[in-house]
Amino acid sequence: MNIPFFMHDLGQEELESVAKVFKGPILTTGETVAQLEKELAAYLDCKHVITVNSCTAGLHLSLMGLDIGPGDEVITTPLTFVATLQAICYAGAKPMLVDVDPATGNLDVNQVEKAITKKTKAILPVHLYGHMVDMRALKEIANKHGLRLIEDAAHCLEGIRDGVRPGQISDTACFSFFATKNITCGEGGAIATQDDALAARLRLLRNHGMDKTSADRHREGYRHWDVNMLGWKYNMSNIEAALLLPQIKRIESKLKMRVRLYEEYTKHLAPLKEYVQMPKAEECEVHSHHLFTVWVPRERRDQVIEGLQKRQVSCVVNYRACHLLNWFQKVLGHKRNDFPVAEKIGDQTLSLPFYPTMPIEHVAMVAQRLEEVIQE
Ligand SMILES: *Cc1c(COP(=O)(O)O)cnc(C)c1O
């Protein structure tokens, strides 16, 4: 039997929600977006949420909103999706990589301070797989050196560590609603912030820097608008917001379903622990469990993927170390061995089928097929 990697759970409720938008006059950013932002802000217990059309856009806008650009350095991790580093490059700043913690794969907070130079403007951690980085420790470092903090929380909508959620003590946290994320509208994103002035600036920046929106025109009639800054076309439409709205109330129940699958995997993989390592996941009160990722011996990883795929188990790699990808090697000039821990995990890692509505019996089937592959 074919075991898919991911299946979304959108259905009738989302269809009806979108149908409501069709009945109104505004397909682009309007009341539905405003409602979603309000509900997300309440869920995250954060003052402002500004939706955008991707997490990548959110990261780029955060950097622009904080005036980070050419000549500036931003400290981040090599073990992430390319968007994290590319957003820094869009801003014209330079990603300064720091190696990761061998137990979690997250940015090694203990190595951040020695990477700080006169040009450093911000730290951009990624909560890998949904396991939050120690934000309180990073906040202390940021305060001490006058740096900004931007979170790539694409995996971590639900996370809590030391009483802190993404966006609560940083300048911004960015979320993704891409097709396989914990809630989704196909493509979408959001920025959370506690800073009133920054929130207002981000709202302008996401819409060409225009001081009026289409929804304003609809409400007030046409008035001349002006542009006071270079902005981008990063706004979310009411259609996407409508797809996301009914999912807000399912966030916690879906997390519970993923936790149950995680526990089932843990049980079934225990006999394989000589070959299959699970990243440490106990450092936070709430782990988002966005992916179920295992680390296998690096010299066998690609063979394991092939063997699983031959047995109709879909799997993916999140992620090979970014600095070894062609373009980043070219522009950042890194070589193998520059970040040995990230490279090792990048060579070992493999994500197994994992999504809330995955039939629980599939876990044992995946584990059994994985065992067969290992014993080949
Ligand atoms: C998915 C993802 C992104 C990009 O999200 P988009 O919404 O597709 O732009 C960024 N960072 C990480 C860690 C991701 O997993």
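**Entry 1: burial and overall form**

I call a residue buried when its relative accessible area is under 20%, exposed when over 50%, and partly exposed in between, using a 1.4 Å probe and protein chains only. With that settled, I looked up the protein chain and found that buried residues make up 58% of its 376 residues. A note on what I am reading: this is a predicted model, where local features need pLDDT of at least 70, side-chain atom pairs count only at pLDDT 80 or more, and totals for chains, interfaces and linings use all residues. Residues are numbered from 1 along each chain as its sequence is written, and side-chain values use heavy atoms, with hydrogens and water left out.

I found 13 helices and nine strands in the protein chain; these are DSSP runs numbered from the N terminus, helices being H or I with at least four residues and strands E with at least two. The radius of gyration is 21 Å, close to the 21 Å from the globule rule for 376 residues, so the chain is as compact as a globular protein of that length. Here the radius is taken over C-alpha atoms, and the rule is 2.2 Å times the number of residues to the power 0.38. Along the principal axes, the C-alpha atoms fill a box of roughly 70 × 55 × 35 Å.

Next I checked contacts, meaning heavy atoms within 4.5 Å. Of the contacts with a separation of 6 or more, 72% are between residues 24 or more positions apart.

**Entry 2: the cores**

Which residues have the most contacts inside the largest nonpolar core? I noted I123, L138 and F177, in a core of 45 residues. At least two residues of this core come from each of α1 (12–23), α2 (31–44), α5 (135–145), β6 (172–176), β7 (189–193) and α8 (238–248). A nonpolar core here is a set of buried Ala, Val, Leu, Ile, Met, Phe, Trp, Tyr and Cys residues joined through side-chain atoms within 4.5 Å.

I then followed F177: setting aside residues up to four places away in sequence, F177 touches, among others, L40, I183, A190, M236 and L244. There is also a second, separate core of 27 residues, which includes I3, Y265, F292 and V294.

**Entry 3: the surface and K212**

The accessible surface of the protein chain is about 16,400 Å², with 53% belonging to carbon and sulfur atoms; such areas come from the Shrake-Rupley method with a 1.4 Å probe, and for residues only the protein chains shown count as cover.

Is Y222 buried or exposed? I found Y222 exposed, because its relative accessible area is 54%. Y222 sits in the loop between α7 (214–220) and α8.

K212 is in the loop between α6 (196–205) and α7. I count K212 as buried because its relative accessibility is 18%. Beyond its neighbours within four places in sequence, K212 is in contact with N207, E220, R223, H224 and W225.

D162 is in the loop between β5 (148–152) and β6, and is partly exposed at 38% relative accessible area.

H208, also a residue other than glycine, has a positive phi near 65 degrees. I found H208 in the loop between α6 and α7, partly exposed with a relative accessible area of 36%.
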